[in-house]
Amino acid sequence: MDTTTICLDVRDLVKDYPVDGASDHRAVGGVSLTIAEGEMYTLLGPSGCGKSTTLRCVAGLEQPDSGRIELAGVPVVDQGVHVPTERRDIGMVFQSYAIWPHMSVFENVAFPLRVDGRRRTKKEVRRRVEEVLGTVRLADVASRSATQLSGGQQQRLALARALIREPRLLLLDEPLSNLDARLRDQMRVELRDLQRRLNVTALFVTHDQAEALSMSSRIAVMDQGRVVQEGTPREIYQRPATRFVADFVGTANLLDAEVVERAADGWLLRTAAGVVRASCPDGTRVGDQVTMTFRPEDIRMHLSPPGAAATGTTMLAGTVDRVDFFGESVECQVSCGAAVLLVHRHPQAAPQEGDTVHIELAAEGCAVLTDRGARLPAAAPVAKAG
Ligand SMILES: Nc1ncnc2c1ncn2[C@@H]1O[C@H](COP(=O)(O)OP(=O)(O)OP(=O)(O)O)[C@@H](O)[C@H]1O
């Protein structure tokens, strides 16, 4: 029996915006997703792909042209149904924290309780606010003016205000993007820990793949108003379904390839870097035009000739054009035939510019993509929502 409880169900969501009063621009073109209770579910994609519009429709801040949204089994958007924001059981945190500057930290958090129409004693309000301020580690600054807080504290205050009414669903739209890089890393961990500890369900919007990969239980990658792949962070990163996903999430080597032969130990693909061995999916035929993709950290680079290639691997000779130092790793640009490949290495094992190197590619480290989407060598399926 499936014991998963669905928190949010979005079906075939469409939202058009008028352009110059004439034609419409389709910001969201049929998005469907299902989020289980306790999940941290992320919409990830480039600027303008429709992430915020999707979230704003869930919040009730936009009215979609069609589609259906259910929150905890109750329709909030459907034909003839549009439940207003304040009657949806949600909390929201946006890029700009929108805290109330004229109120103290305590009053900022207490305010949603004072206006929601329910009767509570002063004592009850105080107990609840103190509890939430403790959760976000702001108890000791409760009496301060909200404007006297640091960026990280303001962000935690916005979170406390969103959590105070214990919403069914927390909506987070780029909540960390106003913070400097170091604080953002710290808050990323804090936010994820808090979400897990409280077991609150969250729909998170970001264009930052590191944020999405490190914080999410599942990710929906969006492009041009559509979800192009959904899966766990590992699935999205290790098994991208399309060239767009491989390129947008992390750094990828992408090579146009033609399937030229079925060998005893896998398929041979002709690429600009040379002929490469890959394990292609069922249905592959000689002559297929595909994209080959592999991650820079999945390439082994030898500084001296390593001998014959092991079964299921390809060895390619190349020249190091450039070495960029990133502290914990170096990124090498290596010319291989007519292609330039990116290879990541530990700085202590870095080659010099101009060195001849030998690139070793394992067939199972290479994903093979077609226009039709996922055609991946490994076996595990990409998770579906619901
Ligand atoms: N109120 C609006 N009126 C007209 N067009 C809009 C409006 N809001 C968004 N759009 C357009 O809809 C598309 C999707 O916008 P949306 O804000 O959802 O993207 P996004 O992925 O969240 O981008 P970003 O990360 O830059 O916020 C964009 O092309 C945007 O210009």
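These are my notebook entries on what I looked up in this structure.

**Entry 1: ground rules**

I am working with a predicted model, in which local features need pLDDT of at least 70 and side-chain atom pairs count only at pLDDT 80 or more, while totals for chains, interfaces and linings use all residues. Residues are numbered from 1 along each chain as its sequence is written.

**Entry 2: the whole protein**

I began with the overall extent, and the C-alpha trace spans about 80 × 50 × 50 Å along its principal axes. I then noted the division into domain 1 (6-241) and domain 2 (251-375), with bounds that come from an automatic or database domain assignment. Taken over C-alpha atoms, the centres of the two domains are separated by 40 Å.

For secondary structure I found eight helices and 22 strands; these are DSSP runs numbered from the N terminus, helices being H or I of at least four residues and strands E of at least two. Of the 386 residues, 38% count as buried, where buried requires 20 or more other C-beta atoms within 10 Å of the residue's own, exposed requires 12 or fewer, partly exposed lies in between, and C-beta atoms are placed from the backbone. Among contacts between residues at least 6 apart in sequence, 64% join residues at least 24 apart, a contact being two C-beta atoms, placed from the backbone, that lie within 7 Å.

**Entry 3: helix α2 and its two partners**

Two packed helices are described by the angle between their axes and the distance between the axes, and I looked up both values for two pairs. The axes are lines fitted to C-alpha atoms, for helices over the stretch in contact, with angles running from 0 to 180 degrees between N-to-C directions.

Helix α2 (residues 105-115) packs with helix α3 (residues 122-135) at an angle of about 125 degrees, and their axes are 10 Å apart. I therefore recorded α2 and α3 as oblique to each other, since angles under 35 degrees count as roughly parallel, over 145 as roughly antiparallel, 65 to 115 as roughly perpendicular and the rest as oblique. The crossing of α2 with α3 is right-handed, meaning that the near helix is turned clockwise from the far one by less than a right angle, with anticlockwise counting as left-handed. On the α2 side I listed Phe106, Val109, Ala110 and Leu113, which meet Val125, Arg128, Val129, Val132 and Leu133 in α3. This contact has eight nonpolar, no polar and one charged residues; Ala, Val, Leu, Ile, Met, Phe, Trp, Tyr, Cys and Pro count as nonpolar, Asp, Glu, Lys and Arg as charged, and the others, Gly among them, as polar.

I next turned to α4 (151-163), whose axis comes within 7 Å of that of α2, the two crossing at roughly 30 degrees. That makes α2 roughly parallel to α4, and α2 passes α4 in a right-handed crossing. Val105, Asn108, Val109 and Pro112 in α2 meet Leu157, Ala160 and Arg161 in α4, and by class I have five nonpolar, one polar and one charged residues.

**Entry 4: two positive phi values**

Which residues other than glycine did I note with a positive phi? Arginine 137, in the loop between α3 and α4, has a phi of about 60 degrees, and arginine 137 is partly exposed, with 14 other C-beta atoms within 10 Å. Glutamate 174, in the loop between β8 (169-173) and α5 (181-198), has a phi near 45 degrees and counts as partly exposed with 19 C-beta neighbours inside 10 Å.

**Entry 5: three further residues**

Proline 75 lies in strand β5 (residues 74-78), and leaving aside neighbours within four places in sequence, I found proline 75 in contact with Arg68, Glu70 and Val81. Although proline 75 and aspartate 9 are 66 residues apart along the chain, their C-alpha atoms are separated by 9.1 Å.

Leucine 213 is in helix α6 (residues 209-215) and, with neighbours within four places left aside, is in contact with Pro233 and Tyr237. Leucine 213 is partly exposed, having 18 other C-beta atoms within 10 Å.

Proline 306 sits in the loop between β16 (300-302) and β17 (313-325), where proline 306 touches Met315, His358 and Glu360, not counting residues up to four places away. From proline 306 to alanine 139 I noted 60 Å, C-alpha to C-alpha, across 167 residues of sequence.
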